[in-house]
Amino acid sequence: MTEAIAATARWQICAIVEIATRTPAIKSFFLRLSETFDYTAGQHVDVRLTAPNGYTAMRSYSIASAPSDSNVIELAIERLADGEVSPFFHDVARLGDMIELRGPLGGHFLWPGPTANPLLLIGAGSGVVPLMAMIRHRKASGEPVPVALLLSSRTWGDVLFRDELLELERSLPDLALALALTREPATRRNDFSRRIDWPMVADVAARLPVPPGSAFVCGSNAFVDIATDAVLALGLKAMAIKTERYGA
């Protein structure tokens, strides 16, 4: 095991320094690392909870914050009724609580680094978290990479990072944002009022100055399958499509 891999395998204790409500079901938890690590947008960490009787529960969460020199990272955690970890964060966790964490982890779903090829990002619900890290990195780094994001959410109120995304759309001329609302009509002219499909993906990809060189898709298994098939229909090779799946 190399030193770098060994470092990511170590567990560390982190303090919750901020909690922000993002949507009715999702809160962001800002954790101060006791051991700062370098990471790439798209990576995740493991969080472990230990009960007084010694029982442990572990869950992986994508890092929402862009890589920086800060020792604070953001995790956006969706409350799952049948979850073992998320109810603790939503119902029990408070500022100052200490959380066990290890990372960064993941070497597949990663911001591609300096590139001139436009990127197509497709996410559903909390699946936008690693994509948000990429967009935040794009802004912070100033890399001239055109990006299009298609984000599917149930309603306008369920759009994770909605206000920040709208502001980024206004401030970054090479960011195209499209929202697909599945349970209420869209109010913005360039958004959609249906579930994701091939014509929608083709429409959003066409908002890039040239066809995308690669695509990142994150969401449930069914969502990822549909989105990936749509991206393949655009002509992208399978090796140019990176996917991240969650749920059953």
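Author: Let's start with Phe161, which sits in the loop between β8 and α4. Keep in mind that this is a predicted model.

Reader: Why is Phe161 called buried?
Author: Buried means under 20% relative accessible area. Phe161 comes in at 4% relative accessibility, so it counts as buried.

Reader: What makes a group of residues a nonpolar core?
Author: The members have to be buried nonpolar residues such as Leu, Ile or Phe, joined through side-chain atoms within 4.5 Å. The largest such core here has 32 residues. Phe161 is among the residues with the most contacts inside it, along with Leu121, Leu131, Met134, Ile135, Leu149 and Leu165.

Reader: Which elements give two or more residues to this core?
Author: They are the strands β7 (119–124), β8 (147–153), β9 (175–181) and β10, plus the helices α3 (129–141) and α4 (162–171). α3 gives the most, with six residues.

Reader: What does Leu131 touch?
Author: Skipping residues up to four places away in sequence, Leu131 touches Phe109, Leu121, Ile122, Gly123, Leu149 and Phe216. There is also a second, separate core of 25 residues, which includes Ala176, Ala215, Val217 and Phe223.

Reader: How do you know that Val217 is buried?
Author: Its relative accessible area is 0%. The cut-off is under 20%, so Val217 is buried. Val217 lies in strand β10, residues 214–220.

Reader: Which residues is Val217 in contact with?
Author: Beyond its neighbours within four places in sequence, the list includes Phe109, Ile122, Phe223, Val224 and Ile241. Lys242, Thr243 and Glu244 are also among its contacts. As for Met239, it is 22 residues from Val217 in sequence, and the two C-alpha atoms are 13 Å apart in space.

Reader: Why is Arg59 called partly exposed?
Author: Buried is under 20% and exposed is over 50%, with partly exposed in between. Arg59 has a relative accessible area of 32%, so it is partly exposed. Arg59 lies in strand β4, residues 56–62. Setting aside neighbours within four places, Arg59 is in contact with Val45, Asp46, Val47, Leu80 and Val85.

Reader: How far apart are Arg59 and Arg183?
Author: They are 124 residues apart in sequence and 29 Å apart in space, C-alpha to C-alpha.

Reader: Which peptide bond is cis?
Author: The one that joins Gly103 and Pro104, where omega is about 5°. Pro104 is in strand β6, residues 98–105.

Reader: Now the whole protein. How do you know that its radius of gyration agrees with a compact globule?
Author: With 248 residues, a compact globule would have a radius near 18 Å, and the protein has 18 Å, so the two agree. Along its principal axes, the C-alpha trace spans about 55 × 40 × 35 Å.

Reader: How many helices and strands are there?
Author: Six helices and eleven strands. Among contacts between residues at least 6 apart in sequence, 69% join residues at least 24 apart.

Reader: What about buried residues and the surface?
Author: Of the 248 residues, 48% count as buried. The protein exposes about 11,800 Å², and carbon and sulfur atoms supply 53% of that.

Reader: Where do the charges sit on average?
Author: The mean positions of the 24 positive and 27 negative charges are 3 Å apart.

Note on methods:
Residues numbered from 1 in each chain as written. Predicted model: local features only at pLDDT ≥ 70, side-chain atom pairs only at ≥ 80, totals over all residues. Heavy atoms only, no water. Helix = DSSP H or I, 4+ residues; strand = E, 2+ residues; numbered from the N terminus. Rg over C-alpha atoms; globule rule 2.2 N^0.38 Å. Buried < 20%, exposed > 50% of the residue type's maximum accessible area, 1.4 Å probe, protein only. Contact = heavy atoms within 4.5 Å. Areas by Shrake-Rupley, 256 points an atom, 1.4 Å probe, with all protein chains shown as cover. Lys, Arg positive; Asp, Glu negative; His and termini not counted. Charge placed at Lys NZ, Arg CZ, Asp CG, Glu CD.
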